[in-house]
Structure formats: structure tokens, C-alpha cells
Amino acid sequence: MSKRRNQRQSAPKREKVRDIFVARPFEGMADEPEWIALRELVPAASAPLTLKPEIIEEYGDRPVTLSTVLPMAWPAMTRQDGRVFIGLQRHVQSGDVSRDLAVAILSALRTEPGDTVSVPALPGEGPRLQDVLVDAPLDITMHDGFEYWLDAEQADDPNVKASLERANASIYPTVRMQSAHAAYWCRVAPDKGHVRWVLPEPEDKALDALARLSAAGDLLLGENTKFAGMFRAHGLLVPVWDIPGEPEGADWEAPLADFAKRYADILAETGPLDADARRAKQGLIGRQLTLR
């Protein structure tokens with residue numbers, strides 16, 4: 001038997017990490033729609049997070065901030081002042097976004113301030129966000145740039161600086177709407193904008209309501225608007241409207257409020273869909289795009 005073959009046979013087998021897909025990772029959290037919006041729709045925003053007392057007792061009490069994205073799409077980073085940042089939008093992830101974010105938080109808390117945070121791509125079983133954070137609505141701050149990432153030392157790092165410039169260049173104007181929770185206006189081109197709203201209801205219930213509205217001709221936000229379709233994002237539906245680019249976000253508050261009332265009213269209908277609504281539902285299903 002060759003020496004190399006003998007080494008292969010005697011080497012301990014590496015434990016295989018089993019990945020589990022969770023279709024609705026933020027389910028049960030007080031602000032599930034906003035977690036989804038920040039992960040999938042919003043370019044630059046942040047929110048402070050509160051650790052559970054048992055986590056503070058084990059890891060210490062350090063400020064933790066949720067960020068839509070971090071430099072070079074890191075999952076987490078620690079600043080010299082001890083603050084921990086967690087990135088929602090990242091390149092590598094497992095099938096359970098909640099588990100990914102929880103392990104990123106715990107990995108950062110174990111990391112000395114200013115050091116690079118090592119986060120496993122497939123964390124396996126363990127605590128999820130719901131086990132690590134005090135559940136509460138997110139106190140979201142919208143940003144025009146990502147300067148809030150940095151302390152003085154990081155600002156001098158040429159790699160981080162380059163990433164900051166690229167990230168800032170990718171930000172399109174975005175406004176958090178007041179007339180519906182987890183709804184956002186954005187301008188993606190001078191002549192084109194979107195309104196996107198993460199609906200809090202389960203997919204089937206939301207889809208039936210939208211189908212009834214579509215059949216009744218009540219799916220638009222007004223003249224010169226178009227219902228572009230829907231995202232299926234982490235277990236919830238996100239209807240998207242194409243709108244003219246020139247008006248500002250505030251100009252769409254009233255049309256969205258009117259639609260939100262129509263949507264809330266039709267949610268109360270629980271009977272089977274009529275023929276028109278069934279046809280409309282099939283059309284809506286064909287205009288869905290799943291985000292993961």
C-alpha cells in the first residue's frame with residue numbers, strides 16, 4: 001500500500017454540513033416585511049439591533065447595527081470603537097438567511113474590535129435571529145451614501161475606500177413611504193421609477209386579494225402607472241409598479257394610500273374567487289419572480 005493511500009485512509013473524515021432551506025426565514029419577527037425590504041429592495045439603510053440579555057451575558061454588550069450592505073459585501077465587520085455591523089446583502093449564504101445573520105452577529109461579537117470577522121458560509125444548525133435579538137420594530141435610517149460604515153482608520157484603507165466609492169455609485173434615489181409599511185419608492189432612471197411594497201400577509205392570501213383587485217381593474221396606482229409584476233421574497237409577496245420618473249416619492253403617498261385601503265378592504269373577502277379573479281390570478285402568477 002502506498003504511503004499517500006495510507007494517509008488518505010487514516011485521515012479523519014470531515015463532517016459534512018447539512019444545509020436546510022427555510023422559505024420564510026423572518027417569520028414570527030415583529031418587522032418581517034421590513035427585514036425583507038432591507039435585504040432585497042433598499043440600497044442604503046441601517047437600523048440598530050438589541051441583543052437578548054443572555055447573549056449580552058455571554059458575549060458582552062456591544063452596539064450592533066444592521067446594514068443593507070457592507071464593504072465588499074462582507075457578512076459582518078467590527079469597527080475600532082467596538083461597534084458591530086451586520087450586512088443583509090451578501091455574496092455567500094446558506095438556505096436559512098436567519099441562521100446566516102445570527103452566526104454573523106455571534107462571530108462578530110467574538111472578534112476583537114477592528115479585526116476581520118470570519119463567518120462560515122454554511123453555519124449548520126444553531127441559533128437563529130429569533131434566538132439572538134430582542135424582537136421589536138426596526139428603527140430604520142435611510143442613507144444617501146455608505147460613509148456610516150467607517151471609522152477614521154477604515155476610511156484610509158484603499159480597498160475599503162474603493163469599495164465605498166463603488167457602493168455609493170450604485171445607490172439610486174430611494175424613499176421609505178409613510179402610507180404603507182415596508183413600501184419604498186425609487187427612481188431607477190430619469191424617466192422611470194418604481195413603488196414596491198412588501199405585503200405582510202401569507203402569499204396565498206395576498207395573491208387572492210391582488211387577483212380580486214386585478215379583476216376589478218383596481219390594481220394600478222393611477223394614470224401613467226403599470227403593474228409590473230411581483231417578487232416572491234422570503235415567503236412574502238412584493239408587488240411592483242412602474243411609475244414615471246419625474247414625480248418625487250412624496251407625490252406617490254396618496255395613490256399608495258388609496259391602493260392600501262382597497263387592498264385592506266378586499267382582504268376581508270374570504271369566499272372562493274370568481275372566474276374573472278381566477279383568470280387574473282393565473283396572470284399574476286405568470287409575472288412572479290422569486291428572490292433568494
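**A paired sheet and its helix**

Modeller: One place to begin is Val195, which stands opposite Trp241 in β10. This is a predicted model: local features need pLDDT of at least 70, side-chain atom pairs count only at pLDDT 80 or more, and totals for chains, interfaces and linings use all residues. Residues are numbered from 1 along each chain as its sequence is written, and side-chain values use heavy atoms, leaving out hydrogens and water.

Biologist: How many bridges join β8 to β10?
Modeller: Five bridges join them, and the two strands run antiparallel. Strands here are DSSP runs of E with at least two residues, helices are runs of H or I with at least four, and both are numbered from the N terminus. Two strands pair if DSSP finds at least two bridges between them.

Biologist: And what is the strand order in the open sheet?
Modeller: The six strands are ordered β6-β7-β8-β10-β9-β11, with mixed pairing. β6 (174-176) and β11 (288-291) stand at the edges with a single partner strand each, so one side of each has no neighbour in the sheet.

Biologist: Which residue stands opposite Arg176?
Modeller: Arg176 faces Tyr184 in β7. β6 and β7 (residues 183-189) pair in the antiparallel sense over three bridges.

Biologist: Is β10 largely enclosed or open?
Modeller: Eight of the nine residues of β10 are buried, so this strand is largely enclosed by the rest of the structure. Buried means under 20% relative accessible area, with a 1.4 Å probe and protein chains only.

Biologist: What about its link to β9, how many bridges are there?
Modeller: Seven bridges join β9 (residues 226-233) to β10, and these strands run antiparallel. Gly229 stands opposite Val240 in β10. In their hairpin, with two residues between the strands, His234 takes a positive phi near 55°.

Biologist: Changing topic, which residues of α9 are buried?
Modeller: They are Glu253, Pro255, Leu256, Phe259, Ala260, Tyr263, Ile266 and Leu267. They cover an arc of only 155° around the axis, which puts them on the same side of α9; the arc is that of the directions from the helix axis to the C-beta atoms.

Biologist: What covers them?
Modeller: The cover includes β6, β7, β8, α8 (203-215) and β10, where contact means heavy atoms within 4.5 Å.

Methods:
Buried means under 20% relative accessible area, exposed over 50%, partly exposed in between (1.4 Å probe, protein chains only).
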